[in-house]
Amino acid sequence: MTVTGNDALGGAPSPVLIVGAGPTGLVLALWLTRFGVPVRIIDRAAQPGTTSRALAVQARTLELYQQIGIAADVIAGGVKVPALNLWVSGRKRARIRIDAIGEGLSPFAFALVYPQDAHEKLLIEHLERAGVRVERETELVRLERRTDGVRATLRTKARETMFEASYVAGCDGASSTVRHELGIEFPGGTYQGYFYVADVHARSPLANDELHIDIEDVDFLLVFPLKGAGNLRMVGLVHEHEKPDRQVTFDDVKGRAVDRMQLGNAEVNWFSTYRVHHRVAPRFRLGRAFLLGDAAHVHSPVGGQGMNTGIGDAINLAWKLATVIKGEAGAAILDTYEPERIAFARRLVETTDRGFTIVTQQGKAARLVRTRLVPAVAPLVFRLPAMRRLFFRTVSQINVSYHDSALSVGKTGPLIAGDRLPWIKFSDGSDNFATLTSLEWQVHVYGRARDGLKAACSELHIALHEFEWSRAARRAHVREGALYFIRPDGYIGLADAEADVSRLRDYVAQFGLLRVDYARWT
Ligand SMILES: Cc1cc2nc3c(=O)[nH]c(=O)nc-3n(C[C@H](O)[C@H](O)[C@H](O)COP(=O)(O)OP(=O)(O)OC[C@H]3O[C@@H](n4cnc5c(N)ncnc54)[C@H](O)[C@@H]3O)c2cc1C
């Protein structure tokens, strides 16, 4: 039986239907809820995921979580990794400290491991506290686009129902129904080799909260710390000849690396093998339908970027949707979602592709690079502060920028609109990220703000934050007295060295931002 109409479902009509309650959908729901936008979030699975999958939570994700007050919970549930150890054929060749690798660059200057199942559970708890429940065993089966929204056919065990929403967010993973219903392709490919992942319990010197990477001639093993003594995640390569006809087990594939690292007798709690794909959808948006997370892009897990990128998509879209739905911005702002996120997804696929090739390539030259060059050079490289900073900036995603976006206007020296607002800590221990918890557009001035700017911000109902001018601000390439108009997600929208009020007014008018009666100044 198909029931038509939102009332038939017993719920109030929602401006946003979120399909999929993985990390991407959950974060989108949480952010929209914080903005006061009602959402409906569905998932065809009966339960949230129960396996660890993505482990790394990058600093940029924590910064965005801090804006909605959940970073501390995530950190408390995870493990901070103080060092990474490079082994070659079971012999330790180097220990590289990474405990404060991003010092001065982010309030979260460390590497954090937090399994995806615990992560999702925490997001669900926060969402439920905000009054939103994931509707389980509810599957999107069809999607029809209309000029003023979408009409979705949803299937539960009992029936099929129609639901109309102003917008739909496809957060439904790599085999996305939303993407399929929109007729959007998913070009790319699948790598030859594939990985195994195993969550184990082991009595081993490797269970010391540090990351271990063992490189062999034709093999490699990554060992991550998990919460609880002796709990580890192992990631390794599966070779074609190791695949028996029956279901593959840990014993089939563990290879030489596991034996050399004396982990062969580990108790296995979860074991899975997976092929790695590299694909990016050519479009992340069609009218009022959006693709996010694995529904839009998948790539190799090298560098721990996948889940974090989906979360980044969710936050990028959340504030734009919220401002448009609440009438605080023109609908054109939604046009910036796809170009901002697709550019980053494409770059990511290219870089993780290179990383994956280095890790898995066979042949003499590749082996020499892995077993000789990398262990010899890496410790030296990581001793150089500039290289440590570059590594942190890249992996932590604080370097993600939207320079080419229509929303990015102006620059002040090396700081360009579209950059993430640099993190600056002040002499009294406070920092310039504290004000971002308001989730509002805001003006930052480092040094004294001109009187005209103060008056304009007051008229435009924009919060103006004046911060002390300091060496830390100078080091962060901020210009004294300049105007920085900061987006709700902490990126610089407008940068103007002269703090010219007319440029701020033009920017506000161009995007129809805030509830401003612009006619007063024209
Ligand atoms: C074994 C394994 C190991 C991994 N290891 C890593 C790692 O080390 N590092 C890393 O970064 N990433 C890793 N990943 C990838 C990571 O898990 C994904 O990038 C991440 O889950 C993507 O989140 P998402 O919310 O976009 O999609 P998903 O987590 O896939 O969530 C999609 C949700 O949509 C639901 N859904 C699908 N279709 C429908 C429909 N039609 N109607 C309603 N609901 C629907 C699904 O039930 C699911 O809950 C791993 C993945 C696997 C499987």
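Strand E23 (residues 442–446) runs parallel to its partner E24, and five bridges join the two; strands pair here if DSSP finds at least two bridges between them. Helices (H or I, at least four residues) and strands (E, at least two) are DSSP runs, numbered from the N terminus. This is a predicted model, in which local features need pLDDT of at least 70, side-chain atom pairs count only at pLDDT 80 or more, and totals for chains, interfaces and linings use all residues. Residues are numbered from 1 along each chain as its sequence is written, and side-chain values use heavy atoms, with hydrogens and water left out.

**The sheet**
- Gln442 has Ala463 in E24 as its bridge partner.
- The open sheet has four strands in the order E24-E23-E25-E26, with mixed pairing.
- Strands E24 (463–467) and E26 (492–496) are at the edges with a single partner strand each, so one side of each has no neighbour in the sheet.

**Helices on the sheet**
- Helix H12 (residues 451–460) packs on the sheet and touches E23, E24 and strand E25 (483–486); contact means heavy atoms within 4.5 Å.
- The direction of H12 makes about 145° with that of E24; axes are lines fitted to C-alpha atoms, for helices over the stretch in contact, and angles run from 0 to 180 degrees between N-to-C directions.
- Helix H14 (residues 501–510) also packs there, touching E23, E25 and E26, and its direction makes about 155° with that of E26.

**A helix pair**
- The axes of helix H1 (residues 23–34) and helix H8 (residues 306–325) come within 8 Å and cross at roughly 30°.
- Residues in this contact include Trp31 of H1 and Met307 of H8.
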